[in-house]
Amino acid sequence: MTTANAIRVLSGIQPTGDIHLGNYLGALKLWVDSQYDAESFYCVVDLHSLTVEFDRDNLARRTLDAVCMLLAVGLDPKHCAIFVQSHIDQHTGLEWLLECVATFGELNRMTQFKDKGAGQESVTVGLFTYPVLMAADILLYDADKVPIGDDQRQHLELARRIASRFNTRFGETFTVPEALIPPVGARVMDLQHPENKMSKSSDSRLGTIFLLDSPDEVTNKLKRSVTDSENTVHYDPERKPGVSNLLEILSAITAERSDVLALRYDSYRRLKQDVAEAIVDTIDPIARRFRELSSDTAYVMDVINEGDERAREIASATLARARESIGLLQR
Ligand code: TRP
């Protein structure tokens with residue numbers, strides 16, 4: 001995988017519980033594809049999960065589960081490095097340097113901070129500086145491309161600005177990364193509230209397909225998915241968000257265009273059946289592989305150790321370079 005001059009790709013995923021179809025079609029599928037033609041680094045961002053309320057007793061298990069899930073969806077440790085953010089001290093080391101380059105005003109404009117912080121009695125400083133840690137995750141590895149969901153665009157834009165500003169002020173130090181947004185399926189919507197993104201924290205579990213859902217659960221969720229009263233299948237996200245979402249899901253799985261797929265259906269029932277079947281065919285092998293891996297912790301820890309080692313080597317060189325650029329006394 002380490003071809004000289006290969007593009008380097010890095011992305012991160014939080015170890016916060018159940019991974020859903022939106023994560024898979026919107027991001028993970030792209031990670032799997034990238035590993036073959038880029039030098040790829042995938043990070044379980046456990047430190048980011050500390051920025052909101054978390055469950056201390058499940059933290060380590062969830063990190064392992066996230067790695068199992070990455071392997072189950074098809075990441076191959078021979079083709080990419082899978083590592084754990086908190087195992088690489090350089091992430092927080094670089095974060096501080098970047099915090100002294102990023103401005104309060106910039107962070108204050110981040111919509112995710114406003115959304116997650118809204119209505120909370122107390123908001124941690126970590127939630128506020130979250131995007132700077134994310135910038136450190138990316139810049140440490142000189143990532144050229146960062147596959148992310150649509151909701152992370154603003155954070156990536158900030159990482160780019162911080163990198164450029166640092167380079168301008170202190171000399172060329174970081175690669176300025178670019179976002180890699182999947183062409184279709186970047187936004188899988190909630191099956192019950194198709195105006196919202198599918199998310200693990202939806203108020204109705206019926207709206208979200210988890211990769212570990214059973215075939216029956218999937219079929220049931222599709223049957224009950226919200227459409228409209230027309231019963232004609234067209235791709236029209238504005239007027240027909242529910243139906244269009246189903247078509248987009250099918251499109252992301254089959255790689256056929258949503259409007260072309262629409263022509264094949266004359267009833268919502270048939271469309272829902274086919275979408276359910278396509279989803280089950282996609283997630284069932286993933287769930288099986290996940291269960292195998294979760295009972296093989298020794299193997300999963302080997303994968304992590306190997307990934308950590310590769311990550312640490314690059315991260316320590318970059319942090320040393322950044323410290324030098326900024327003018328700190330060398331050790
Ligand atoms: N903030 C990202 C999310 O919630 C996760 C993340 C952390 C990330 N660090 C990253 C994504 C670095 C890409 C690159 O999805």
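Q: Why are two parts of this protein called domain 1 and domain 2?
A: Domain bounds come from an automatic or database domain assignment. That assignment gives domain 1 as 8-185 + 297-326 and domain 2 as 205-291. The model is predicted: local features need pLDDT of at least 70 and side-chain atom pairs count only at pLDDT 80 or more, while totals for chains, interfaces and linings use all residues. Residues are numbered from 1 along each chain as its sequence is written, and side-chain values use heavy atoms, with hydrogens and water left out.

Q: What makes residues of domain 1 and domain 2 part of the contact?
A: Contact means heavy atoms within 4.5 Å. The centres of the domains, taken over C-alpha atoms, are 30 Å apart. The contact takes 15 residues from domain 1 and 17 residues from domain 2.

Q: How do you know what area domain 1 and domain 2 bury between them?
A: Buried area is the accessible area (1.4 Å probe) that two parts lose on being put together, summed over both. For these domains the value is about 1,400 Å², 75% of it on carbon and sulfur atoms. L21, M69 and A72 supply 35% of the area that domain 1 buries against domain 2, more than any other three residues.

Q: Why is the pair D18 and R205 called a salt bridge?
A: The term requires a side-chain nitrogen of Lys or Arg within 4 Å of a carboxyl oxygen of Asp or Glu. The closest N and O atoms of D18 and R205 are 3.8 Å apart, so the pair meets the rule. Across the interface of domain 1 and domain 2 the rule finds 1 salt bridge.
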